[in-house]
Amino acid sequence: MKRYDLCRKYHVILIAITLIAALTGWLLRGPVGTALAGVLSFLRLAEQSEIIGACYRIGTGCYLVSGALVIGWATAWCVRHQIWRGGRYALTHAQMEKNVRQALLEAGYGIAVGGQYHRLPCITIKFTDKKMTCAIVKIQNHIKTDASLSTVNLSSALGVYVVDAQYSSDNNNYYYFEISDSRINQQLKFSSYTALADYAKQHTERYGSYTLFMDGRNEGIKIRSLLLVGITGAGKSYALMGLLAQLLNWPIPPIIYYADPKGSDIAVLGGALAPDRTADDIDDIIDLLRAFYHAMMGRKEEMRGKLNGKLSADFTDFQLPAYIFLMDEYAAFQASISKDKKRRDEVEELMRNVVLMGRQLGFFAWIAMQKSDSSDIPTAIRDNLPLKICLGNAPTTTLMTIYGHSADLPSRHWNKGQGLIYCDGITAAPRPVSFPSLNFDIFDALTKPVRDRSAQPVNRA
(Lines give C-alpha, C1' and ligand atoms only; values in the text may rest on other atoms or scores of the structure.)
Protein backbone atom coordinates (compact mmCIF):
# COMPACT_ATOMS: atom_id res chain seq x y z
CA MET A 1 0.00 0.00 0.00
CA LYS A 2 1.41 3.38 -0.99
CA ARG A 3 2.32 5.74 1.82
CA TYR A 4 1.51 9.45 1.89
CA ASP A 5 2.91 12.32 3.92
CA LEU A 6 0.36 13.69 6.41
CA CYS A 7 1.30 17.20 5.30
CA ARG A 8 -0.03 16.28 1.87
CA LYS A 9 -3.44 15.68 3.40
CA TYR A 10 -3.44 19.14 4.95
CA HIS A 11 -2.33 20.70 1.68
CA VAL A 12 -5.15 18.97 -0.20
CA ILE A 13 -7.67 20.22 2.37
CA LEU A 14 -6.29 23.75 2.12
CA ILE A 15 -6.42 23.71 -1.67
CA ALA A 16 -9.97 22.34 -1.59
CA ILE A 17 -11.17 25.04 0.81
CA THR A 18 -9.48 27.73 -1.27
CA LEU A 19 -11.02 26.50 -4.51
CA ILE A 20 -14.47 26.07 -2.96
CA ALA A 21 -14.36 29.60 -1.51
CA ALA A 22 -13.23 31.07 -4.83
CA LEU A 23 -15.86 29.12 -6.81
CA THR A 24 -18.60 30.07 -4.36
CA GLY A 25 -17.62 33.74 -4.62
CA TRP A 26 -17.69 33.61 -8.40
CA LEU A 27 -21.11 31.91 -8.46
CA LEU A 28 -22.68 34.29 -5.93
CA ARG A 29 -21.36 37.32 -7.72
CA GLY A 30 -22.39 35.88 -11.07
CA PRO A 31 -25.07 33.52 -12.43
CA VAL A 32 -26.15 31.95 -9.12
CA GLY A 33 -26.70 35.31 -7.46
CA THR A 34 -28.73 36.60 -10.41
CA ALA A 35 -30.82 33.41 -10.61
CA LEU A 36 -31.44 33.39 -6.84
CA ALA A 37 -32.52 37.05 -6.94
CA GLY A 38 -34.96 36.31 -9.78
CA VAL A 39 -36.53 33.36 -7.94
CA LEU A 40 -36.91 35.17 -4.60
CA SER A 41 -38.30 38.31 -6.24
CA PHE A 42 -40.78 36.21 -8.23
CA LEU A 43 -41.95 34.67 -4.96
CA ARG A 44 -42.13 38.22 -3.57
CA LEU A 45 -39.84 37.25 -0.65
CA ALA A 46 -37.45 40.14 -1.19
CA GLU A 47 -36.51 42.87 -3.59
CA GLN A 48 -34.31 41.74 -6.44
CA SER A 49 -31.76 44.51 -5.90
CA GLU A 50 -31.42 43.62 -2.22
CA ILE A 51 -30.87 39.95 -3.03
CA ILE A 52 -28.27 40.72 -5.69
CA GLY A 53 -26.46 43.05 -3.24
CA ALA A 54 -26.43 40.41 -0.50
CA CYS A 55 -25.12 37.75 -2.89
CA TYR A 56 -22.47 40.17 -4.11
CA ARG A 57 -21.30 40.88 -0.55
CA ILE A 58 -21.21 37.18 0.39
CA GLY A 59 -19.34 36.37 -2.82
CA THR A 60 -16.84 39.12 -2.08
CA GLY A 61 -16.34 37.62 1.39
CA CYS A 62 -15.68 34.23 -0.18
CA TYR A 63 -13.12 35.85 -2.47
CA LEU A 64 -11.43 37.45 0.54
CA VAL A 65 -11.29 34.12 2.37
CA SER A 66 -9.77 32.46 -0.68
CA GLY A 67 -7.24 35.26 -1.11
CA ALA A 68 -6.34 35.21 2.60
CA LEU A 69 -5.68 31.46 2.42
CA VAL A 70 -3.47 31.90 -0.65
CA ILE A 71 -1.56 34.81 0.91
CA GLY A 72 -1.22 32.93 4.20
CA TRP A 73 0.11 29.84 2.46
CA ALA A 74 2.55 31.90 0.36
CA THR A 75 3.77 33.77 3.44
CA ALA A 76 4.29 30.54 5.36
CA TRP A 77 6.20 29.06 2.41
CA CYS A 78 8.44 32.13 2.13
CA VAL A 79 9.19 32.12 5.85
CA ARG A 80 9.84 28.38 5.97
CA HIS A 81 12.23 28.51 3.02
CA GLN A 82 13.78 31.89 3.95
CA ILE A 83 12.88 33.86 0.84
CA TRP A 84 14.81 36.88 2.19
CA ARG A 85 18.03 34.99 1.38
CA GLY A 86 17.08 34.98 -2.29
CA GLY A 87 14.74 33.18 -4.65
CA ARG A 88 17.37 30.59 -5.63
CA TYR A 89 17.99 29.78 -1.99
CA ALA A 90 14.27 29.35 -1.27
CA LEU A 91 13.65 27.13 -4.29
CA THR A 92 16.71 24.95 -3.54
CA HIS A 93 15.70 24.69 0.09
CA ALA A 94 12.13 23.73 -0.79
CA GLN A 95 13.20 21.10 -3.35
CA MET A 96 15.71 19.54 -0.98
CA GLU A 97 13.19 19.36 1.87
CA LYS A 98 10.65 17.76 -0.45
CA ASN A 99 13.18 15.16 -1.60
CA VAL A 100 14.23 14.32 1.95
CA ARG A 101 10.64 13.94 3.11
CA GLN A 102 9.81 11.74 0.14
CA ALA A 103 12.88 9.58 0.70
CA LEU A 104 12.09 9.11 4.39
CA LEU A 105 8.51 8.25 3.52
CA GLU A 106 9.52 5.64 0.96
CA ALA A 107 12.07 4.19 3.39
CA GLY A 108 9.38 3.50 5.95
CA TYR A 109 9.92 6.35 8.41
CA GLY A 110 7.07 8.16 10.08
CA ILE A 111 4.19 7.35 12.42
CA ALA A 112 0.97 6.00 10.90
CA VAL A 113 -2.00 8.35 11.26
CA GLY A 114 -4.90 6.34 9.93
CA GLY A 115 -4.85 4.55 6.62
CA GLN A 116 -2.06 5.49 4.24
CA TYR A 117 -0.98 8.74 5.88
CA HIS A 118 2.16 9.01 8.04
CA ARG A 119 3.47 11.84 10.19
CA LEU A 120 7.14 12.40 9.31
CA PRO A 121 9.73 13.73 11.78
CA CYS A 122 10.52 17.44 11.83
CA ILE A 123 13.14 18.30 9.18
CA THR A 124 15.24 21.46 9.23
CA ILE A 125 17.72 22.44 6.52
CA LYS A 126 20.21 25.30 6.95
CA PHE A 127 22.81 26.29 4.37
CA THR A 128 25.98 27.53 6.03
CA ASP A 129 27.25 29.79 3.23
CA LYS A 130 25.84 32.17 0.66
CA LYS A 131 26.87 30.02 -2.29
CA MET A 132 24.92 27.04 -0.86
CA THR A 133 27.90 24.71 -1.07
CA CYS A 134 27.39 23.29 2.44
CA ALA A 135 24.39 22.73 4.68
CA ILE A 136 23.22 20.92 7.79
CA VAL A 137 20.11 18.73 7.65
CA LYS A 138 18.51 18.16 11.06
CA ILE A 139 15.99 15.33 11.41
CA GLN A 140 13.99 14.80 14.57
CA ASN A 141 14.68 11.51 16.31
CA HIS A 142 12.02 9.10 17.59
CA ILE A 143 12.15 5.90 19.58
CA LYS A 144 10.89 3.98 16.54
CA THR A 145 13.52 5.39 14.17
CA ASP A 146 16.55 5.88 16.43
CA ALA A 147 18.51 2.84 15.28
CA SER A 148 17.62 3.24 11.61
CA LEU A 149 18.40 6.97 11.43
CA SER A 150 21.90 6.29 12.70
CA THR A 151 22.66 4.19 9.61
CA VAL A 152 20.53 5.91 6.96
CA ASN A 153 22.25 6.93 3.72
CA LEU A 154 20.70 10.31 3.02
CA SER A 155 22.89 11.15 0.02
CA SER A 156 20.52 9.45 -2.42
CA ALA A 157 17.83 12.01 -1.56
CA LEU A 158 20.01 15.11 -1.89
CA GLY A 159 20.60 15.35 -5.63
CA VAL A 160 24.04 16.89 -6.23
CA TYR A 161 24.72 17.07 -2.49
CA VAL A 162 26.41 14.31 -0.50
CA VAL A 163 26.64 13.58 3.22
CA ASP A 164 30.06 14.43 4.70
CA ALA A 165 29.29 13.54 8.33
CA GLN A 166 26.37 12.45 10.47
CA TYR A 167 25.90 12.41 14.23
CA SER A 168 23.26 12.78 16.92
CA SER A 169 22.67 15.85 19.08
CA ASP A 170 23.84 15.95 22.69
CA ASN A 171 20.33 15.19 23.94
CA ASN A 172 19.82 12.55 21.20
CA ASN A 173 16.63 14.27 20.03
CA TYR A 174 17.94 15.04 16.55
CA TYR A 175 20.27 13.58 13.96
CA TYR A 176 22.52 15.98 12.08
CA PHE A 177 23.77 15.43 8.53
CA GLU A 178 26.54 17.71 7.23
CA ILE A 179 26.23 17.88 3.44
CA SER A 180 28.18 19.56 0.65
CA ASP A 181 27.85 20.12 -3.09
CA SER A 182 29.66 17.25 -4.80
CA ARG A 183 30.26 19.39 -7.89
CA ILE A 184 32.59 21.73 -5.99
CA ASN A 185 36.17 20.61 -5.49
CA GLN A 186 37.46 21.94 -2.18
CA GLN A 187 41.03 20.90 -2.98
CA LEU A 188 43.50 23.77 -3.24
CA LYS A 189 46.02 23.83 -6.08
CA PHE A 190 49.39 25.56 -6.04
CA SER A 191 51.62 25.83 -9.09
CA SER A 192 54.61 27.22 -7.19
CA TYR A 193 56.06 27.37 -3.71
CA THR A 194 55.60 31.15 -3.74
CA ALA A 195 51.85 30.72 -4.23
CA LEU A 196 51.69 28.27 -1.33
CA ALA A 197 53.74 30.56 0.90
CA ASP A 198 51.54 33.57 0.08
CA TYR A 199 48.38 31.58 0.82
CA ALA A 200 49.84 30.33 4.12
CA LYS A 201 50.69 33.87 5.20
CA GLN A 202 47.21 35.13 4.30
CA HIS A 203 45.72 32.20 6.19
CA THR A 204 47.61 32.98 9.40
CA GLU A 205 46.66 36.65 9.11
CA ARG A 206 43.02 35.62 8.90
CA TYR A 207 42.83 32.79 11.43
CA GLY A 208 45.85 33.30 13.69
CA SER A 209 49.58 32.70 13.79
CA TYR A 210 49.36 29.05 14.84
CA THR A 211 46.76 27.67 12.45
CA LEU A 212 46.84 25.17 9.59
CA PHE A 213 44.71 24.56 6.50
CA MET A 214 44.07 21.44 4.43
CA ASP A 215 41.48 22.55 1.86
CA GLY A 216 38.86 25.21 1.26
CA ARG A 217 36.65 23.84 4.02
CA ASN A 218 39.10 22.50 6.59
CA GLU A 219 41.05 25.60 7.54
CA GLY A 220 41.78 27.67 10.62
CA ILE A 221 42.79 24.53 12.55
CA LYS A 222 44.92 25.44 15.54
CA ILE A 223 48.05 23.31 15.76
CA ARG A 224 47.76 20.15 17.83
CA SER A 225 49.11 16.61 17.94
CA LEU A 226 48.36 14.67 14.76
CA LEU A 227 47.83 11.09 13.65
CA LEU A 228 48.19 10.70 9.87
CA VAL A 229 47.31 7.28 8.48
CA GLY A 230 47.38 6.14 4.87
CA ILE A 231 48.43 3.17 2.79
CA THR A 232 51.33 3.39 0.35
CA GLY A 233 50.48 5.83 -2.43
CA ALA A 234 47.75 7.61 -0.44
CA GLY A 235 49.75 10.85 -0.34
CA LYS A 236 51.10 10.93 3.23
CA SER A 237 54.55 12.27 2.31
CA TYR A 238 53.15 15.08 0.18
CA ALA A 239 50.60 15.90 2.87
CA LEU A 240 53.36 16.16 5.48
CA MET A 241 55.56 18.28 3.23
CA GLY A 242 52.63 20.57 2.47
CA LEU A 243 52.04 21.01 6.20
CA LEU A 244 55.74 21.64 6.78
CA ALA A 245 55.67 24.32 4.09
CA GLN A 246 52.92 26.06 6.01
CA LEU A 247 54.87 25.82 9.26
CA LEU A 248 57.98 27.35 7.71
CA ASN A 249 55.90 30.35 6.61
CA TRP A 250 54.38 31.06 10.00
CA PRO A 251 55.16 34.44 11.61
CA ILE A 252 56.91 32.45 14.36
CA PRO A 253 58.28 29.29 12.66
CA PRO A 254 58.15 26.19 14.87
CA ILE A 255 61.10 24.05 15.88
CA ILE A 256 60.74 20.64 14.24
CA TYR A 257 62.38 17.34 15.18
CA TYR A 258 62.52 14.78 12.35
CA ALA A 259 62.42 11.04 13.11
CA ASP A 260 62.23 8.47 10.33
CA PRO A 261 63.28 4.88 11.15
CA LYS A 262 63.16 3.92 7.45
CA GLY A 263 65.45 6.75 6.41
CA SER A 264 63.10 7.86 3.62
CA ASP A 265 61.69 11.26 2.64
CA ILE A 266 61.34 12.79 6.11
CA ALA A 267 64.87 11.76 7.11
CA VAL A 268 66.31 13.27 3.92
CA LEU A 269 64.29 16.47 4.36
CA GLY A 270 65.22 16.74 8.03
CA GLY A 271 68.87 16.14 7.21
CA ALA A 272 68.75 19.12 4.85
CA LEU A 273 66.76 21.47 7.10
CA ALA A 274 67.91 20.55 10.61
CA PRO A 275 70.54 17.79 10.72
CA ASP A 276 71.05 18.24 14.47
CA ARG A 277 67.35 17.48 15.02
CA THR A 278 67.08 14.55 12.62
CA ALA A 279 67.47 10.83 13.32
CA ASP A 280 66.87 7.60 11.41
CA ASP A 281 68.60 5.12 13.71
CA ILE A 282 66.47 3.60 16.49
CA ASP A 283 68.83 4.62 19.30
CA ASP A 284 69.25 8.08 17.82
CA ILE A 285 65.46 8.47 17.55
CA ILE A 286 65.06 7.59 21.22
CA ASP A 287 67.76 10.13 22.12
CA LEU A 288 66.00 12.69 19.95
CA LEU A 289 62.70 11.98 21.73
CA ARG A 290 64.43 12.40 25.11
CA ALA A 291 65.84 15.75 23.98
CA PHE A 292 62.37 16.82 22.82
CA TYR A 293 60.86 15.82 26.15
CA HIS A 294 63.55 17.69 28.11
CA ALA A 295 62.86 20.77 26.02
CA MET A 296 59.19 20.45 26.94
CA MET A 297 60.05 20.26 30.64
CA GLY A 298 62.18 23.36 30.19
CA ARG A 299 59.24 25.17 28.58
CA LYS A 300 57.07 24.05 31.51
CA GLU A 301 59.41 25.74 33.98
CA GLU A 302 59.62 28.79 31.74
CA MET A 303 55.84 29.18 31.61
CA ARG A 304 55.19 28.39 35.27
CA GLY A 305 55.48 32.01 36.35
CA LYS A 306 53.78 33.39 33.24
CA LEU A 307 50.64 31.33 33.86
CA ASN A 308 49.99 32.91 37.27
CA GLY A 309 46.62 34.62 36.95
CA LYS A 310 46.13 33.30 33.40
CA LEU A 311 45.00 29.75 33.99
CA SER A 312 43.47 29.29 30.53
CA ALA A 313 46.45 30.72 28.65
CA ASP A 314 48.83 28.68 26.53
CA PHE A 315 52.07 29.17 24.62
CA THR A 316 50.33 31.22 21.91
CA ASP A 317 49.49 33.98 24.40
CA PHE A 318 53.21 34.54 24.97
CA GLN A 319 54.23 34.30 21.27
CA LEU A 320 56.45 31.28 21.89
CA PRO A 321 57.45 28.95 19.03
CA ALA A 322 55.76 25.57 18.77
CA TYR A 323 57.81 22.38 18.97
CA ILE A 324 56.87 19.42 16.76
CA PHE A 325 58.23 15.89 16.97
CA LEU A 326 57.55 14.45 13.51
CA MET A 327 57.70 10.65 13.45
CA ASP A 328 57.25 8.95 10.08
CA GLU A 329 56.58 5.20 9.85
CA TYR A 330 55.87 4.86 13.55
CA ALA A 331 54.93 1.19 13.10
CA ALA A 332 58.48 0.34 12.00
CA PHE A 333 59.85 2.13 15.05
CA GLN A 334 57.39 0.35 17.36
CA ALA A 335 58.34 -3.02 15.88
CA SER A 336 62.04 -2.33 16.47
CA ILE A 337 61.59 -1.63 20.19
CA SER A 338 58.80 -4.11 20.91
CA LYS A 339 61.15 -6.83 22.16
CA ASP A 340 63.00 -4.54 24.55
CA LYS A 341 60.45 -3.89 27.30
CA LYS A 342 62.54 -1.24 29.04
CA ARG A 343 63.03 0.87 25.94
CA ARG A 344 59.44 0.29 24.81
CA ASP A 345 58.01 1.44 28.13
CA GLU A 346 60.26 4.51 28.19
CA VAL A 347 59.26 5.54 24.67
CA GLU A 348 55.56 5.04 25.36
CA GLU A 349 55.79 7.10 28.53
CA LEU A 350 57.63 9.94 26.78
CA MET A 351 55.21 9.99 23.84
CA ARG A 352 52.17 9.78 26.09
CA ASN A 353 53.41 12.70 28.21
CA VAL A 354 54.03 14.78 25.11
CA VAL A 355 50.52 14.08 23.80
CA LEU A 356 48.80 14.71 27.14
CA MET A 357 50.89 17.63 28.47
CA GLY A 358 52.11 19.34 25.33
CA ARG A 359 49.06 21.28 24.16
CA GLN A 360 49.36 24.16 26.62
CA LEU A 361 53.15 24.20 26.42
CA GLY A 362 53.25 24.14 22.62
CA PHE A 363 54.81 20.68 22.18
CA PHE A 364 53.15 18.32 19.72
CA ALA A 365 53.66 14.84 18.31
CA TRP A 366 52.95 14.26 14.63
CA ILE A 367 52.78 10.55 13.88
CA ALA A 368 52.49 9.13 10.35
CA MET A 369 51.92 5.45 9.62
CA GLN A 370 50.19 3.05 7.24
CA LYS A 371 47.73 1.60 9.76
CA SER A 372 46.94 2.24 13.41
CA ASP A 373 46.29 -1.11 15.05
CA SER A 374 47.18 -1.48 18.73
CA SER A 375 50.17 -3.58 17.70
CA ASP A 376 51.51 -0.63 15.64
CA ILE A 377 50.82 2.21 18.09
CA PRO A 378 49.81 2.04 21.77
CA THR A 379 46.10 2.67 22.27
CA ALA A 380 46.76 5.21 25.04
CA ILE A 381 48.71 7.35 22.57
CA ARG A 382 46.47 6.85 19.54
CA ASP A 383 43.19 7.64 21.34
CA ASN A 384 44.55 10.87 22.82
CA LEU A 385 45.73 12.38 19.54
CA PRO A 386 43.14 15.14 18.93
CA LEU A 387 43.69 15.54 15.16
CA LYS A 388 43.24 12.36 13.12
CA ILE A 389 43.47 12.08 9.34
CA CYS A 390 43.10 8.94 7.23
CA LEU A 391 44.09 9.23 3.57
CA GLY A 392 43.11 6.86 0.80
CA ASN A 393 40.71 3.92 0.71
CA ALA A 394 41.50 2.37 4.08
CA PRO A 395 39.87 -0.90 5.21
CA THR A 396 37.08 -0.86 7.77
CA THR A 397 39.36 -2.18 10.52
CA THR A 398 41.69 0.79 10.10
CA LEU A 399 38.79 3.25 10.23
CA MET A 400 37.53 1.56 13.38
CA THR A 401 40.88 1.93 15.13
CA ILE A 402 41.22 5.59 14.12
CA TYR A 403 37.71 6.92 14.62
CA GLY A 404 36.09 4.24 16.77
CA HIS A 405 33.31 3.54 14.25
CA SER A 406 32.87 3.10 10.53
CA ALA A 407 29.18 2.52 9.74
CA ASP A 408 28.25 6.22 9.47
CA LEU A 409 31.43 7.43 7.75
CA PRO A 410 31.19 8.86 4.22
CA SER A 411 31.75 6.00 1.78
CA ARG A 412 33.53 7.20 -1.35
CA HIS A 413 36.44 6.42 -3.60
CA TRP A 414 39.26 8.63 -2.37
CA ASN A 415 41.96 9.86 -4.72
CA LYS A 416 45.53 10.60 -3.71
CA GLY A 417 45.66 13.17 -0.93
CA GLN A 418 41.98 12.72 -0.05
CA GLY A 419 40.38 11.04 2.93
CA LEU A 420 38.71 11.80 6.26
CA ILE A 421 39.60 14.24 9.02
CA TYR A 422 38.46 14.46 12.63
CA CYS A 423 39.52 17.23 14.98
CA ASP A 424 38.37 17.61 18.58
CA GLY A 425 36.38 20.80 19.03
CA ILE A 426 36.11 21.54 15.30
CA THR A 427 34.45 18.61 13.53
CA ALA A 428 31.56 16.85 15.24
CA ALA A 429 32.29 13.73 13.19
CA PRO A 430 34.87 12.63 10.59
CA ARG A 431 34.38 14.47 7.30
CA PRO A 432 36.12 14.59 3.90
CA VAL A 433 39.45 16.36 3.49
CA SER A 434 41.65 17.02 0.45
CA PHE A 435 45.25 18.09 0.85
CA PRO A 436 46.56 20.69 -1.62
CA SER A 437 47.74 19.63 -5.05
CA LEU A 438 51.36 20.76 -5.35
CA ASN A 439 52.34 21.17 -9.00
CA PHE A 440 56.00 21.80 -8.25
CA ASP A 441 58.94 20.06 -6.58
CA ILE A 442 58.08 20.57 -2.92
CA PHE A 443 61.30 18.97 -1.65
CA ASP A 444 63.45 21.24 -3.82
CA ALA A 445 61.46 24.29 -2.68
CA LEU A 446 61.76 23.47 1.01
CA THR A 447 65.51 22.86 0.86
CA LYS A 448 66.39 25.75 -1.47
CA PRO A 449 66.97 28.34 1.33
CA VAL A 450 69.46 25.96 2.98
CA ARG A 451 71.30 25.39 -0.31
CA ASP A 452 71.40 29.10 -0.98
CA ARG A 453 72.91 29.82 2.42
CA SER A 454 75.56 27.13 2.00
CA ALA A 455 76.43 28.47 -1.47
CA GLN A 456 77.13 31.98 -0.24
CA PRO A 457 80.84 32.88 -0.30
CA VAL A 458 82.57 33.14 3.06
CA ASN A 459 84.15 36.49 3.91
CA ARG A 460 87.63 35.57 5.17
CA ALA A 461 88.78 39.13 5.67
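In this predicted model, Cys122 has a relative accessibility of 37% and therefore counts as partly exposed, since that class lies between the cut-offs of 20% for buried and 50% for exposed residues. Cys122 takes part in no disulfide, and the nearest cysteine sulfur, belonging to Cys7, lies 9.8 Å away. A disulfide would require two cysteine sulfur atoms within 2.5 Å, and by this rule the number of disulfides is zero.

An open sheet is formed by four strands in the order β4-β5-β7-β6, with antiparallel pairing. Its edges are β4 (123-127) and β6 (161-168), each of which pairs on one side only. From one strand to the next, the twist averages 20°. Strands of a sheet pair through backbone hydrogen bonds, in either a parallel or an antiparallel arrangement. Within this sheet, β5 (residues 134-140) and β7 (residues 174-181) are joined in the antiparallel sense over seven bridges, and Val137 has Phe177 of β7 as its bridge partner. Helix α4 (residues 87-106) lies across β4, β5, β6 and β7 and runs at about 145° to β4.

Strand β12 (residues 255-259) pairs with β14 in the parallel sense over five bridges, and Tyr257 stands opposite Phe325 of β14. Strand β15 (residues 363-369) also runs parallel to β14, to which six bridges join it. Here the bridge partner of Phe325 is Ala365 in β15.

The packing of two helices is described by the angle between their axes and the distance between those axes. For helix α10 (residues 330-337) and helix α11 (residues 341-361), the angle is about 140° and the axes are 8 Å apart. This angle makes α10 oblique to α11, because only values over 145 degrees would count as roughly antiparallel. The contact involves Tyr330, Phe333, Gln334, Ser336 and Ile337 of α10, together with Arg343, Arg344, Val347, Glu348 and Met351 of α11. Of the residues in this contact, five are nonpolar, two polar and three charged.

Note on methods:
Residues numbered from 1 in each chain as written. Predicted model: local features only at pLDDT ≥ 70, side-chain atom pairs only at ≥ 80, totals over all residues. Heavy atoms only, no water. Axes fitted to C-alpha atoms, helices over the stretch in contact; angles between N-to-C directions. Helix = DSSP H or I, 4+ residues; strand = E, 2+ residues; numbered from the N terminus. Parallel < 35°, antiparallel > 145°, perpendicular 65-115°, else oblique. Contact = heavy atoms within 4.5 Å. Nonpolar A, V, L, I, M, F, W, Y, C, P; charged D, E, K, R; others polar. Pairing = 2+ DSSP bridges. Buried < 20%, exposed > 50% of the residue type's maximum accessible area, 1.4 Å probe, protein only.
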